[in-house]
Amino acid sequence: MQAKSAETLRRHGLSLLRGHAVLVTRTRAGPLEPPPSSPPVPRWKLIRPQKKTVITSEPQKTPLPKPEQFIEVASLYFFNRFKNESGSLSGLETELSSTVKGSCTSLIPISEMEDADCQEFLEPGAAKCNSPNNLQKTTVSVEDIKDSDNIPNDDSVMAEKEPATKEASADVQPLLSSTWLDLADFVKCFKHLLVFHKPHFYPHSSQRSCFKSPMIRREYYLCIDTPQPSQTLISFSALLFWGEESEKKQEAVLTILPHLWTSMQAQMPVFIIKTTCSKAAVLNLPKGRHLMVVHVRAPVGYHVLLCSKTPLSFEDEETTMAEFTKESACFTEQTIAIYGALSRVAASLGDEQKLPALRETLKKAHCPINHSTTLEEQQHHKVFGLAVNHMVREALRRELTPDERFAVQVLTQSSDAETFSQTLKDEKQTSSDVQAALEENLEPGVLNASEPGTKENLYAAKLLSDMWPKIEADTEKHAAILLRYMFDNSEEKAQLYPSLHKEPPRIFFTDFSVPLRETADFWEMVFREVFLVPRKMLLAVKVFSPVRNLLHVINNDTGEEVKLLFMKVPPRVFEPNKSGYTFVAEVWKPQSLPADAKWKMVLIGTEEPLPKMSRETPLNAFSVKKFQEYYIPNKKNLFCRYLVQVRAETMATVQFQTSKSDVVIHLSILDQDKEVVANTGRGHVMIPLFHFLLQRGSTQETSQQRLRTDDAAGEADSDQPPLHTLEHKYVVQAQVLYGSWPLDKSELTFANMLKDKEKKEMRAPDRPPDELQSSRKAERDGKKGKSAAASASGSKQDMSFDLTKPHWILRVVTEKTKTESIEVKKDTERSDQIRAIKNSWEKLEPGRYAKSLETRPRFLNRPLNEADDETTSDTNKDPAAPTCDPDPCSPSEDLSDTLPDFSHLLRGQTGSSKLMDSQKEEECDKELIEKIQTYQCVRESFLEKHIQYASDRRELVKQQLEMYQNMQEERQKSLNAFKEGYEITVLKKVKQPNKDAKKLEK
């Protein structure tokens, strides 16, 4: 194969050893010169022409003439061509070597140039086919042309070797020479065909480029909306690393995938380009509107160029969204077709000749397919009549009068839906039956008005002529209303308009933006608003932010949070509720924010109206109560416990994070030591929304007053169970799970030091009562400047706090207007109780704490010998203690070793004993009954499932047996039929010879 291609190339003046690119200039399907006309045939030969007979044993096949298909190629490196195929190969090689020497000396480094400079080196026919962006300039001096004797001056194939020109003409001849190749030879000789497009020939183009290192990843959105199939040329050029880094495997990739905002379903890519330099391909798309996301990945930089003969949009996501608020081109084309047919029917309502054909055209416009059943056709006709009625009502901006409804009914030939559906009970009726049913259920006035020439018809035509100018005032809008109503209310839109059904739906969106502020804290809550959903709708939430962010959506009626998918809120159907949905957004800010940085949220839906915010402008200023401390491990695995005191009903957000990112945290809010809401996270966890309710009792009410009121209530009605007025006691608690925060030696030493410091503070009692009273008075006097002092102490703590040590941060976020309605402080109830006990001891026995400080070190530091002497002296001090001699008959001290171990038969005590009253017993009985009932329910459901499974198995066995029996019967029938057929054929064969014999005898 390679030898044949080399021989073909040599025949046309090219060499396989010196491969290079050639320019394809023209094609032809006929001879260059018209063939000579054949001599005229004498007339006497046309009379009874004799056919030539060829005697052969094989059937003759008329040879088909080979079609003349040639391609013209142009090149700078044509050698002297030979007509004969046989020649001296050595002589040809020497000739090629001399040709290469002569041609190589005439080459100069190639540089890019414009189209005007390049045309002078091209032939007139070839210059038209070259792109100005793709041609390159080759500069050759006149002296080199004189020395070169191997460049031919014409393109014809010579019988012998062409003589070289000895003298160069004054005018410089074109350097590109061309020749014609047969299509079969062209396919054998060339392996690759490169097509260069001219971008300026395309009316629509767009380009994007980026140069940045390291690896670049960008995302663009491509929107193409056309009623005809489209072709888009995509050129992708990449810039890669060079030098030592170029040895690594590097490649630039461009991927195009279908996209839909209201769906998270993954789509397969429809277009992929992988290149290390530059590459182009054509994207073919069917008619309709298409939305695709373009992912670009390149090591250093890239350039993407899109060219198309149809309009396209290649922008970012926010810009592309605006394109989908309009109706698509195919949708608009369909609406105009339906509206045009409807307008012609309305204008020709009194024309007896044109009206039937116009009604048939209207039916084909709004119902392009034939329905399989009459019921489907009836439903579609009903929807069309309602759509026209809705369009007219929207155009007039009022309800229709009875006469106007009558005119619209005459226009669409619609009838009462209930009577019509009762008539069409049989779905197998024909279209003529449907038409008969329509005419039968039409009112007499409508039926008379449908016939041209009657008074009712003229009256309906007059009413329509009065209404139609208002409809034609905005044709596109009202036509879109007509088809959109049919789309929203028709159940078979996918069959009627398949191309429109497959298109991405039209969207409606509204955005809410909040500026990002420079703050000292890297975490911030920037958005928390309540949205009211008017009806059931599909919504998608899109967030645009220059910094890392996370959005939470909470159902205020149930308190449940919408589950996230890949840290984003997925598109879902939102049900209407009473309290709405709360959207909470948090951001993590870097050290420096870009100028005019904004956080933006876009709500995307497929219908209007979209959910509205409970207030006009979003609130982005919040009050944050921040607490941070070092992490100290403990037995209960608790980070902290903070008490929340509520002065007014408040909506708050609680956030907790640790200095180590992989710590498993359980954050919960307790009410009366019962977990109300909780959330678990790794390194960071947040409860997006919680309503802190006001306590029912007064804050100044003492515990004695509460006890008295409870006692009085119990004496008044001792038969009824006591009614306890529940008071809210909120505690925010954070725990570490699974031992996920181990500390190294230095961190553990620091934590032990803090723990010892806390123990010393716990051991020391409070100051004397007189000092306590004076300090309390001082605290009451200094309550006015509490906020300023707190801020000053907070700033000092931040300055002295070591962020390199293991620590955690707790934040409670509320609105700025409700800063004073909530107070958060550390839960010190247990430590306060211990301090109160120690203070009571100190009050009864003054100096107790000082004595303990003196005696405790002395007791701990005493020698061991003294401790043994004290124990022996204590035993000798009591001489009256009874002593007994060891009795040989008495059991020995080691008798317990010989007895068996009954520990596994003894019931262990799990906790401290509690006194059970009647109420506790009732609660225990209720819990036991509930457990028994749940177990019985589970058992019954399991038994039902088991019985159902057994019945299904029996039914399956029956079906298999019936199927086997049917197969046997069918097999037996087929065998019997085969036997009967075989017997008949045998009998026929036997009878036929007998008949022939009888005939012969006769």
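Modeller: A crossing is left-handed if the near helix is turned anticlockwise from the far one by less than a right angle, and right-handed if clockwise. Helix α8 passes helix α9 in a left-handed crossing. (Helices here are DSSP runs, H or I, of at least four residues, numbered from the N terminus.) This is a predicted model, where local features need pLDDT of at least 70 and side-chain atom pairs need 80 or more, while totals for chains, interfaces and linings use all residues. Residues count from 1 along each chain as its sequence is written, and side-chain values use heavy atoms, without hydrogens or water.

Now the geometry. α8 spans residues 329–347 and α9 spans 355–366. Their axes come within 9 Å and cross at roughly 160°. (The axes are lines fitted to C-alpha atoms over the stretch in contact, with angles from 0 to 180 degrees between N-to-C directions.) That makes α8 roughly antiparallel to α9, a label for angles over 145 degrees.

Next, the residues that touch (heavy atoms within 4.5 Å). From α8 come Gln 334, Ala 337, Ile 338, Ala 341, Leu 342, Arg 344 and Val 345. They meet Leu 355, Leu 358, Arg 359, Thr 361, Leu 362, Ala 365 and His 366 of α9. By class, this contact holds nine nonpolar, three polar and two charged residues. Ala, Leu, Ile and Val are among those that count as nonpolar, and Arg counts as charged.

One last stop, at another helix. Just after α1, Gly 13 takes a positive phi of about 90°.

Methods: Helices (H or I, at least four residues) and strands (E, at least two) are DSSP runs, numbered from the N terminus. Angles under 35 degrees count as roughly parallel, over 145 as roughly antiparallel, 65 to 115 as roughly perpendicular and the rest as oblique.
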